[in-house]
Amino acid sequence: MPAIPEGLALHLADQPLATPDTVTASATSAAIEGGEIAVVQNDSGDLLLAADEGSGWTIVGAKPASGTPWYGEEPRMVLVIGSDARVGTDQQTHRADSIHVLTANPSEGTGTILGFPRDSWVSTAHGTMKFTSLMSGRGPQAMVDQFVDEWGQPVEGYVVTGFEGFEDLMGQVGYLPIDLPRAIPTQAWWAGWPAGEQTLSPQRTLEYSRTRKGIPGGDLTRSANQGLVMLAVLQLLQMNDLADTPNIVALLLDHTWTSLTPTDLIQLGATIHALDPASINNSVVPGTPGQAGAASVVRLTPRLDEILADLGDDGLLEE
């Protein structure tokens, strides 16, 4: 028996894999920065996740054919950041244009998308500032440190992309079917959107994600709209086979930067197929527009610590 994570061993003791004398299996693997990742599936329908981070392959996750998956200790929690850096500049040391914490419980299919308005006025280890400015000159790890050190949240790492990277990624993933709850008026540089079901090109998906002018709620509503895009992308990715996960992860890494390990990435990639989009709460931290000197800011609710404690407990928010 190879060494496996303790949590996985306990899971398989309760939900064992099929163990016939002869097994036929197929595998899909991909080389990524930091090592290799793979999905292995046998003819009984059992599925294993594996990662090699330089010292040999290790089993890091499993889904018994007749049971629930174990894709790491739950809840999973990752910070997803969209940089506002323009093409040709360092995408990781400019301001954060979008800020979302994503949680997931693959064994239950549940999760949360919690958005933070980019102009949130927050107290940090570097002084009080707009949340968007914390990444500027410091990098995305400073954003993670805010959650871990200042707010006590078990954020595992970050994924960062920029305008061009996001549009290129969507060009690979495909046109995006989405149901928009509200119409958005024409903007200075692009047309608006009607409410209802529609399919967005990669460029229009980026434009929709960036829009905050002329919509009720401004920055807060834009953050919620970005969560809608994430949910729509989730459903689009779920159309792929779980065996394609290593290649999907490799594609993602072509257009993003991350602090996550190969083990994290194959577990989170497989988690995509375990989630029920209808059981994912898309929320934004409440706040009110205000001023900090001459700067327009969003002052977050006094309940922020309570909201984050609730999220960190099980990855879910009370209704």
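A salt bridge here is a side-chain nitrogen of Lys or Arg within 4 Å of a carboxyl oxygen of Asp or Glu. The model is predicted, so local features need pLDDT of at least 70 and side-chain atom pairs count only at pLDDT 80 or more, while totals for chains, interfaces and linings use all residues. Residues are numbered from 1 along each chain as its sequence is written, and side-chain values use heavy atoms, with hydrogens and water left out.

**Whole structure.** The search returns 12 salt bridges.

**Network.** Select Asp84, Arg95, Asp97, Arg118, Asp119, Lys130, Arg212, Asp219 and Arg222. Salt bridges link them in a network.

Pick Arg118 and Asp119. Their closest N and O atoms are 3.6 Å apart, a salt bridge. Both residues are buried (under 20% relative accessible area; exposed is over 50%, partly exposed in between; 1.4 Å probe, protein chains only).

Next, Arg222 and Asp219. They form a salt bridge at 3.7 Å, N to O. The two sit three residues apart in helix H6 (residues 219-237), so about one helical turn separates them. Helices (H or I, at least four residues) and strands (E, at least two) are DSSP runs, numbered from the N terminus. Arg222 is buried at 3% relative accessibility; Asp219 is buried at 8%.

**Last stop.** Select Arg76 and Glu156. Their side chains form a salt bridge at 2.5 Å, N to O. Arg76 is in strand S5 (76-83) and Glu156 in the loop between helix H3 (140-150) and strand S10 (158-161), so the pair ties together parts 80 residues apart in sequence. Which is buried, and which partly exposed? Arg76 is buried at 4%; Glu156 is partly exposed at 30%.
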